[in-house]
Each structure stands twice: as C-alpha cells, then as structure tokens.
Amino acid sequence: MEVSRELSDVQKRVLELKRERNALILAHNYQTIDIQEIADFVGDSLQLARKSGEGTGYDMIIFAGVKFMAEMASILAEDIPVYIPAPKALCPLAAYVSAEKIRSMKEKYPGAPVVLYVNTTAEAKTEADYICTSGSAVEVVEATGASTVLFGPDANLADYVRNKTDVEVIDIDTRGHCYVHRQFDVAQLVLLKEEYPNAITIAHPECDPDVLDAADMVGSTGMMAQTVANSPHDTFIIATELGLVEQLQAAHPEKTIIPAYERAVCIQMKKNTLEGILDILENLPPEKLVVVPEEYHEHIREVLQRMSKVKGQGSAKEVRAHS
Ligand code: SF4
C-alpha cells in the first residue's frame with residue numbers, strides 16, 4: 001500500500017533485507033498497518049493465493065496471514081519457499097471441519113459434492129471437490145451443477161449461499177462460525193446507520209444473517225476495498241475485521257470509514273508482527289517455513305485451479321445499493 005508517513009527503523013530494515021533476499025511479502029487485509037505498509041501486495045485470501053502462484057522470479061515468499069492461507073500459498077508457489085511470521089496463527093473457523101468429519105458426511109450424503117470455504121486446513125481440503133472464497137461461494141456452488149452440496153465450515157456463509165441459490169446447502173458442521181464476525185450486532189448497526197444516514201454499510205458474509213439483512217452490500221474484503229475506492233459515496237460503515245477498516249481509512253483520508261464494531265479484532269491474524277517478518281529475513285528460521293505434506297499437493301492444486309476458473313474476484317453481489 002502507499003505510505004504517506006515516515007517509515008520506522010524496523011520497516012526500513014525489512015525493506016532493505018527484502019531486496020537482498022529477493023523476497024515477496026504478501027499480507028492479508030487484516031494485518032496491522034505497519035505490515036501492510038511494507039508488503040508487496042495486500043489483499044483477501046483469493047487475491048493472495050493468486051499472487052503466490054505468480055511469484056516466479058522471487059527466491060522466497062513471506063506470507064503474513066493465518067496458516068491455512070500460507071499453506072495454499074506454499075502449494076501454489078511450487079518450488080519457492082514460503083515462510084509465515086507466526087506459525088501458530090491458526091484460524092478457529094477452520095478447526096470446525098476435519099477431513100474425518102467430511103468423510104463421515106460423504107457417507108451420509110453419497111454423491112453430494114463437497115464445497116469447502118478456503119478457511120480450512122490443507123488436510124480437510126484433500127476431501128474437497130470444490131474450494132470457494134467468500135466472494136466466489138455463490139458462483140462456485142452454482143458451478144457444481146448439483147442439487148445438493150455439502151458445505152463448510154462457515155454456517156453463516158452457507159446460509160448466505162442457500163438464500164442466493166436453489167441448491168440444497170448442507171452444513172458439514174452447523175456450529176462453524178468466525179468468532180470475529182459473530183461479534184457484529186444488528187442493533188448496534190441500526191444505531192450507526194441512524195447516526196450516519198448517508199453511509200453505505202458493507203458486511204462480510206461471515207456475519208450473522210440479521211446483520212447481512214441490515215447491510216446495503218455483502219462482500220469479501222477485496223470487494224469492500226474496491227467499492228470504497230470506486231464509489232462516489234464518502235461514508236462507509238464496514239462490518240469486518242479492524243485491519244481492513246484501518247487500511248481503508250489510511251488509503252482514503254478524504255472518506256469516512258466507520259467500523260461497525262471497534263473491537264472486531266482477529267487475535268490469530270495479529271500474531272504476525274513486523275519483528276516476526278524481520279526474523280525470517282535475518283535468520284530464515286526453519287520452524288517458520290510452511291510445509292504441506294507432498295501427498296496433499298496435487299489434489300489441492302487441482303481444486304484451487306477449479307476455483308480460479310469460476311467467476312469471482314473477491315467480489316460479491318450487491319444486496320441493496322443506495323442511489
Ligand atoms: S477473522 Fe475469522 S475467519 Fe478470518 S482468520 Fe480470524 S477467525 Fe479465521
């Protein structure tokens with residue numbers, strides 16, 4: 001991202017070593033601003049997966065996000081080593097769906113394709129027929145051509161897809177949710193909308209259904225960033241993790257970006273730090289190298305490629321647009 005303020009000494013050192021090591025730094029939208037400022041690319045999980053597949057020419061990739069994202073990057077980057085600053089940054093949502101759980105659901109619903117949200121472990125992905133992001137879930141489920149699909153781990157995203165398609169969407173685990181996005185409260189959102197009557201409200205599909213109903217638009221973080229950048233509106237209420245809100249406000253100082261809940265912080269994402277990135281560049285610590293069992297690669301690469309053929313670039317449907 002464009003930086004308007006003076007970089008810190010640690011940031012300058014990271015940029016210096018990044019050049020020396022010929023490293024590509026990818027950062028998720030939920031990372032802190034100091035990391036976003038030194039990253040080569042900041043985006044949502046789909047955008048970052050695509051970038052890691054295009055990393056040819058670099059000697060290493062540093063992926064600031066949660067582990068399942070770094071695992072995808074490692075598979076797509078093929079021979080380029082991928083490091084994660086915080087190897088213990090695990091997405092709790094991903095923990096709801098194991099490979100074993102998927103296998104038992106397949107036995108219960110034989111023939112129903114398995115559509116997994118990217119927020120799953122590499123092991124779970126080996127049981128997937130399709131993988132989707134929040135921005136492509138509707139299109140991917142429709143592209144299966146099936147009347148019934150098994151879907152997981154996010155029950156709110158499943159509900160969103162159910163409402164947008166004629167497909168019977170069966171939750172692999174009805175408890176699956178993101179604790180960050182579940183914090184948004186519809187009553188609080190209604191109050192904010194009253195306070196800012198001209199604001200456009202955009203909510204992430206991991207939010208509860210009543211929050212999505214109250215929002216003007218629903219979409220991934222990539223879609224939110226594009227909307228704020230391209231919209232003539234100047235005030236937005238954003239219902240997703242705070243890192244994106246901070247990014248949007250820094251990128252668009254002329255606009256007003258209001259968090260729908262100012263404590264919506266993903267502790268796992270925030271385990272990545274600038275110092276953790278510096279440590280990788282200085283020491284190449286082996287425990288920060290992302291290793292995905294070789295036997296998982298072929299299948300995961302295949303389902304990821306299938307996903308990229310389906311329309312969806314981190315954007316989602318507009319539910320209700322202000323004039
Ligand atoms: S914001 Fe939610 S879905 Fe995203 S990494 Fe954190 S816990 Fe997982």
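This is a predicted model: local features need pLDDT of at least 70, side-chain atom pairs count only at pLDDT 80 or more; totals for chains, interfaces and linings use all residues.
Some notes on reading the model come first. Residues are numbered from 1 along each chain as its sequence is written. Local features need pLDDT of at least 70 and side-chain atom pairs count only at pLDDT 80 or more, while totals for chains, interfaces and linings use all residues, and side-chain values use heavy atoms, with hydrogens and water left out.

- The structure holds 1 cavity of 30 Å³ or more.
- On a 1 Å grid over the protein atoms alone, a cavity is a set of points where a 1.4 Å probe fits but cannot get out, and lining residues have an atom within 4 Å of a point.
- Grid points are joined across faces, edges and corners, and a volume is the space filled by probe spheres set on the points.

**The largest pocket**

- The largest pocket has a volume of about 250 Å³; a pocket is an open set of points with protein on both sides within 12 Å along at least five of seven lines.
- Its lining has 13 residues, and Asn-29, Val-42, Ala-225, Gln-247 and Leu-248 lie nearest the centre.
- Strand S2 (41-43), helix H11 (221-230) and helix H12 (242-251) each supply at least two lining residues; helices (H or I, at least four residues) and strands (E, at least two) are DSSP runs, numbered from the N terminus.
- H11 gives the largest share of this lining, 4 residues.
- The pocket lining divides into 6 nonpolar, 7 polar and no charged residues.

- In helix H8 (residues 155-164), the buried residues are Ala-155, Asn-156, Leu-157, Ala-158, Tyr-160 and Val-161; buried means under 20% relative accessible area, exposed over 50%, partly exposed in between (1.4 Å probe, protein chains only).
- Those buried residues pack against several elements, among them strand S5 (114-117), strand S7 (148-152) and S8.
- Val-169 is found in strand S8 (residues 168-171) and counts as buried at 5% relative accessibility.
- Leaving aside neighbours within four places in sequence, Val-169 is in contact with Val-149, Phe-151, Ala-158, Val-161 and Arg-162, where contact means heavy atoms within 4.5 Å.
- Val-169 and Val-115 are 54 residues apart in sequence and 9.5 Å apart in space, C-alpha to C-alpha.

**Two further buried residues**

- Thr-133 lies in the loop between strand S6 (130-132) and helix H7 (137-143) and is buried, with a relative accessible area of 3%.
- Beyond its neighbours within four places in sequence, Thr-133 is in contact with Ser-45, Leu-46, Tyr-117, Val-118 and Met-307.
- His-297 lies in helix H14 (residues 294-309) and is buried at 11% relative accessible area.

Terms used. Ala, Val, Leu, Ile, Met, Phe, Trp, Tyr, Cys and Pro count as nonpolar, Asp, Glu, Lys and Arg as charged, and the others, Gly among them, as polar.
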